[in-house]
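This report describes selected features of a single protein model. The sequence and structure are shown first, and the description follows.

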Amino acid sequence: MLEAPSGVAVDRERNIVLVGLTESTDFPVHRAAQADLGGGFDAFVTRISAAGDRLISSTFLGGLAQDVAADVAVDAAGNAYVVGVTDSYDFPTLGAFQPSSPDRPISDDGFVVRYSPAGDLVYSTLLGGSENDYALALAVRADGAAIVAGQTRSLDFPVRRAWQARPAEGPGALRGEAFLTELEPDGSDLAFSTYFGGEQEDMATSLALDGSG
């Protein structure tokens, strides 16, 4: 069956955190927050020892439809943060800013998930509006706040303290606008969220933080 890695990070103990997608029902799991394939293909989140000789944790992530992990980052305490895209109406959420989609099961949504160093699910939230939304990149501040970038086609994408509160194209179908969103450290609310783009297609695919966050 298909497995496709899409992101990798290394924690302070040099353990490897790998994310991607799988459609294998027998994908190796250990200390899994989700022990079984949800359906279609799921994201996976796997932490491997620095020597590469054992699984620290490994889990499926997804619901009955298609779920894809796009990027992963690890904070100083070893927590792993994962972003991606889901079209599963039953995508698992916990302590979420956005526990459900405005327009499921028709459109895709971004997601942001945090796991503890041991592989326990800390929070899981959707991020999106009524149309397709793609969480593609993230970075994590020292206080544990996840900053996420990607693309949205939703006129009702959630904004907060926005530099650009509306898509540049105005009313009507949205061609595709980049977004930048910061979650509070516990994932339960937005610190800020903004559109970022012009009248044509815009997409954010990478993100980095400087020393001041």
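## Surroundings of Arg153

In this predicted model, Arg153 is in contact with Glu131, Asn132, Asp133, Tyr134, Leu174, Arg175, Gly176 and Glu201, once its neighbours within four places in sequence are left aside. Arg153 itself belongs to the loop between β10 (146-152) and β11 (177-183).

Is Arg153 buried, partly exposed or exposed? Its relative accessibility is 26%, and Arg153 therefore counts as partly exposed, since the class lies between the limits of 20% for buried and 50% for exposed. Leu209 lies 56 residues from Arg153 along the chain, and a distance of 25 Å separates the C-alpha atoms of the two residues.

## The four-stranded sheet

An open sheet is built from 4 strands, arranged in the order β5-β6-β7-β8 with antiparallel pairing. Its edges are formed by β5 (67-74) and β8 (121-127), each of which pairs on one side only. On average, and with direction ignored, neighbouring strands of this sheet are turned by 20° against each other.

The antiparallel strands β5 and β6 (residues 80-86) are joined by 7 bridges. Within this pairing, Val68 has Val85 of β6 as its bridge partner, and Asp71 has Val83 of β6. The two strands form a hairpin with 5 residues between them. In the turn, Gly78 adopts a positive phi of about 95°.

β6 also pairs with β7 (residues 109-115), again in the antiparallel sense and over 7 bridges. In this pairing, Ala80 stands opposite Tyr115 of β7.

How many residues of β6 are buried? The count is 7 of 7, and the strand is described as mostly covered. In a regular strand, side chains alternate between the two faces of the sheet. For β6, both faces are covered: Ala80, Val82, Gly84 and Thr86 are buried on one side, and Tyr81, Val83 and Val85 are buried on the other.

The edge strand β5 is likewise mostly covered, with 6 of its 8 residues buried.

The largest cavity has a volume of about 60 Å³.

Which residues line the largest cavity? They are Val17, Val45, Thr46, Arg47, Ser57, Thr59, Ala80, Tyr115, Ser116 and Gly119.

The elements giving two or more residues to the lining are β3 (42-48) and β4 (55-61). The largest share, 3 residues, comes from β3. By class, the lining has 4 nonpolar, 5 polar and 1 charged residues.

Note on methods: Residues are numbered from 1 along each chain as its sequence is written. This is a predicted model: local features need pLDDT of at least 70, side-chain atom pairs count only at pLDDT 80 or more; totals for chains, interfaces and linings use all residues. Side-chain values use heavy atoms; hydrogens and water are left out. Two strands pair if DSSP finds at least two bridges between them. Axes are lines fitted to C-alpha atoms, for helices over the stretch in contact, and angles run from 0 to 180 degrees between N-to-C directions. On a 1 Å grid over the protein atoms alone, a cavity is a set of points where a 1.4 Å probe fits but cannot get out, and a pocket is an open set with protein on both sides within 12 Å along at least five of seven lines; lining residues have an atom within 4 Å of a point. Grid points are joined across faces, edges and corners, and a volume is the space filled by probe spheres set on the points. Ala, Val, Leu, Ile, Met, Phe, Trp, Tyr, Cys and Pro count as nonpolar, Asp, Glu, Lys and Arg as charged, and the others, Gly among them, as polar. Buried means under 20% relative accessible area, exposed over 50%, partly exposed in between (1.4 Å probe, protein chains only). Contact means heavy atoms within 4.5 Å.
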